Amino acid sequence: METTDTRRVVFRNAMARMSAAVSIVSSDGVGGRCGVTATAVCSVTDVPPTLLVCLNRSSAMNAVFKANGRLCVNVLSADHEALARDFAGLTGVPMADRFADDDWVGSYLGLPILQSALATFQGEIVRADEVGSHTVMLVEALEIGLHSDSRDGLVYFDRLFHRVSAA
């Protein structure tokens, strides 16, 4: 029988072998403006269109997302790797400066949207449950944006960013 610490390390190492799309989850509202790079995002159902978004409970941004009650999932292309690093906190860029690029615009729902994202999902957090180290949020997508171009995607695998060819 493995110890809890050993099982945690093995679990994390095994999860690093699971490729995951890279998104920036953004929000704005009474709690403030924020964004984080996330790979723990997936679809739940298409009626109503609902996503699952997991955020670390120890992140200061967790409380901001909950206070705002809304968020936008911006699905990144391979060209967004530098932005993914900024929003992951790997570069030391302050939060306000992460949104400085003209590519970020406000939506009619009041959420920051990355115009060049492969897809965007703006929605209401309809449920948030605390599970271990993370908050698991169910987000009903109220507005969905899809770019018609076919750019390469960005995934995270083995603790590194990788390009996935659209062709």
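Student: Where is P48 found, and what kind of peptide bond joins V47 and P48?
Tutor: In this predicted model, P48 is found in the loop between β4 and β5, and the bond that joins V47 to P48 is a cis peptide bond, with omega at about -10 degrees.

Student: Why does D46 count as exposed?
Tutor: Exposed means over 50% relative accessible area, and D46 has 63%, so D46 counts as exposed. D46 lies in strand β4, which covers residues 41–46. In sequence D46 and A141 are 95 residues apart, while their C-alpha atoms are 9.3 Å apart in space.

Student: How do you know that the disulfide count is zero?
Tutor: A disulfide needs a pair of cysteine sulfur atoms within 2.5 Å, and by this rule the count comes to zero. For C42, the nearest cysteine sulfur is that of C54, 7.2 Å away, and C42 is in no disulfide. C72 is in no disulfide either, since its nearest cysteine sulfur, that of C34, is 12 Å away.

Student: Why can F11 be part of a nonpolar surface patch?
Tutor: A patch residue must have over 30% relative accessible area and no salt bridge, and Phe is among the nonpolar side chains that may be joined. F11 has 53%, so F11 passes that area cut-off and is also called exposed. Together with M15 and M18, F11 makes a patch of about 320 Å², and F11 is found in helix α1, residues 4–15.

Student: Which element gives the most to the lining of the largest pocket?
Tutor: That is α1, with four residues. The largest pocket holds about 1,300 Å³ of space, and of the 29 residues that line it, the closest to its centre are R12, T39, A40, N56 and H134.

Student: What is noted about phi at D158 and R159, and why are they called partly exposed?
Tutor: D158 has a positive phi of about 55 degrees although it is not a glycine, and R159, also not a glycine, has a positive phi of about 65 degrees. With 36% for D158 and 43% for R159, each value falls between 20% and 50%, so both count as partly exposed.

Note on methods: Residues are numbered from 1 along each chain as its sequence is written. This is a predicted model: local features need pLDDT of at least 70, side-chain atom pairs count only at pLDDT 80 or more; totals for chains, interfaces and linings use all residues. Side-chain values use heavy atoms; hydrogens and water are left out. Patches are made of residues with over 30% relative accessible area and no salt bridge: like charges are joined within 9 Å, nonpolar side chains (Val, Leu, Ile, Met, Phe, Trp, Tyr) within 5 Å. Accessible areas come from the Shrake-Rupley method with a 1.4 Å probe; for residues, only the protein chains shown count as cover. A salt bridge is a side-chain nitrogen of Lys or Arg within 4 Å of a carboxyl oxygen of Asp or Glu. Helices (H or I, at least four residues) and strands (E, at least two) are DSSP runs, numbered from the N terminus. Buried means under 20% relative accessible area, exposed over 50%, partly exposed in between (1.4 Å probe, protein chains only). On a 1 Å grid over the protein atoms alone, a cavity is a set of points where a 1.4 Å probe fits but cannot get out, and a pocket is an open set with protein on both sides within 12 Å along at least five of seven lines; lining residues have an atom within 4 Å of a point. Grid points are joined across faces, edges and corners, and a volume is the space filled by probe spheres set on the points.
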